[in-house]
Amino acid sequence: MEKYPLISFKNVSYRYESDGETPLPLALKSVNIDINKGEFVAVLGHNGSGKSTLAKLSNAIIVPESGKVFVKGMDTSCEDSEYDIRQTVGVVFQNPDNQIVATIVEEDVAFGPENLGIEPAEIRKRVDSALKAVGMYEYRHHEPHKLSGGQKQRVAIAGIMAMETECIVLDEPTAMLDPKGREEVMAAMEKLNKEMGITVVLITHYMDEAVKADRVIVMDSGSVVLDGTPREVFSQEKIIEEAGLELPDCSKLALAMRKNGIDFPLGILTPEEFIEAFKMCVSGGRQ
Ligand SMILES: Nc1ncnc2c1ncn2[C@@H]1O[C@H](COP(=O)(O)OP(=O)(O)OP(=O)(O)O)[C@@H](O)[C@H]1O
Ligand SMILES: [Mg+2]
């Protein structure tokens, strides 16, 4: 697939409006990021580092104080492009309560594609397949406000999936889910990316989710401090720690092994890699 930037942050700074006289500090400071078509990007950062601000800037919910955000070359600060931008980049927010618009689950999921003027038969197909992908198909006739937080979040994700935007930005979509719900949503995101070629930007607090991405961006105090493959990023133990984050569990365990004099390779990220390294270790390097 040809690589080109779908979302481009060019020297973007953003400041929220202050209630009082004193202006608030910048929430984002001179951020430069290109999200390329087809990528699966994870964005990490401690509370208040600017992740949600980045999500809101990516589909013109807010516009930069200085610098520019381009979506497929369209300037997000140009109001005429808003409709085309929202048709290209869909955002799922942290709190599902603000995202429910209808009184029946399947109507809620259909709302986005209906607004895009998609044919009813196609909408039906998309709604069913999106609800199945997030494991909420059997709830299609339920009332969304009576669902649990995690279930609501999955309905919100299905709503964005049904729009089939080229890019989906998810702001901590699994924060309210139990481990099974998290796994289902992650699997749906991976499928969307790998099978349908949809660009996915996943804002997350979970290192084990970030490990599955093609690329990891780490934010700290409104700036990008790391941007690379999971292996490149998680080899920067010191910067990760300074950014208030931890390494993935298996990386921590592998480092602990090394610190205890066990001959373990660097760069372990996943349970599979850990098991491989462990097998090599116990066999003394013999296969
Ligand atoms: N509506 C707002 N008004 C004023 N300041 C805000 C507003 N929203 C966010 N901020 C501030 O902007 C900065 C970045 O916030 P942002 O919500 O982007 O962080 P985040 O990385 O998403 O954090 P979290 O992990 O808690 O979701 C923080 O200092 C925050 O206090
Ligand atoms: Mg946030």
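These entries record what I looked up in a predicted model.

**Conventions.** I noted that residues are numbered from 1 along each chain as its sequence is written, and that chains are lettered from A and ligands numbered from 1 in the order in which they are written. In this predicted model, local features need pLDDT of at least 70, side-chain atom pairs count only at pLDDT 80 or more, and totals for chains, interfaces and linings use all residues, while side-chain values use heavy atoms, with hydrogens and water left out.

**Entry 1, the sheet.** I looked up the order of the strands (DSSP runs of E, at least two residues, numbered from the N terminus). Four strands form an open sheet in the order β2-β1-β4-β5, with antiparallel pairing; two strands pair if DSSP finds at least two bridges between them. The edges are held by β2 and β5 (74-75), each with a single partner strand, so one side of each has no neighbour in the sheet.

I then examined β1, residues 5-14. Seven of its 10 residues are buried, that is, under 20% relative accessible area, where exposed is over 50% and partly exposed lies in between (1.4 Å probe, protein chains only). Six bridges connect β1 to β2 (residues 28-36), and five connect β1 to β4 (residues 66-71). I traced Phe9 in both directions: its bridge partner is Ile33 in β2 and Val69 in β4. I also found Ile7 opposite Ile35 in β2.

Which side chain of opposite charge is nearest to Asp171? I found Lys51, 6.6 Å away; Lys and Arg count as positive and Asp and Glu as negative, with His and the chain ends not counted. Asp171 is buried and has no salt bridge, defined as a side-chain nitrogen of Lys or Arg within 4 Å of a carboxyl oxygen of Asp or Glu. The residue belongs to strand β7 (residues 167-171). Its side chain makes a polar contact of 2.5 Å with that of Ser52. For a polar contact I required a pair of N or O atoms within 3.5 Å; within protein, one must be able to donate a hydrogen and the other to accept it, and residues adjacent in sequence count only if both atoms are side-chain atoms. Leaving out residues up to four places away in sequence, Asp171 touches Ser52, Val92, Phe93, Gln94 and Ile203 (heavy atoms within 4.5 Å).

I listed 14 residues around ligand 1, of which Asn47, Gly48, Lys51, Ser52 and Thr53 come nearest; a residue counts if one of its heavy atoms lies within 4 Å. An oxygen atom of the ligand is 2.7 Å from a side-chain N or O atom of Lys51.
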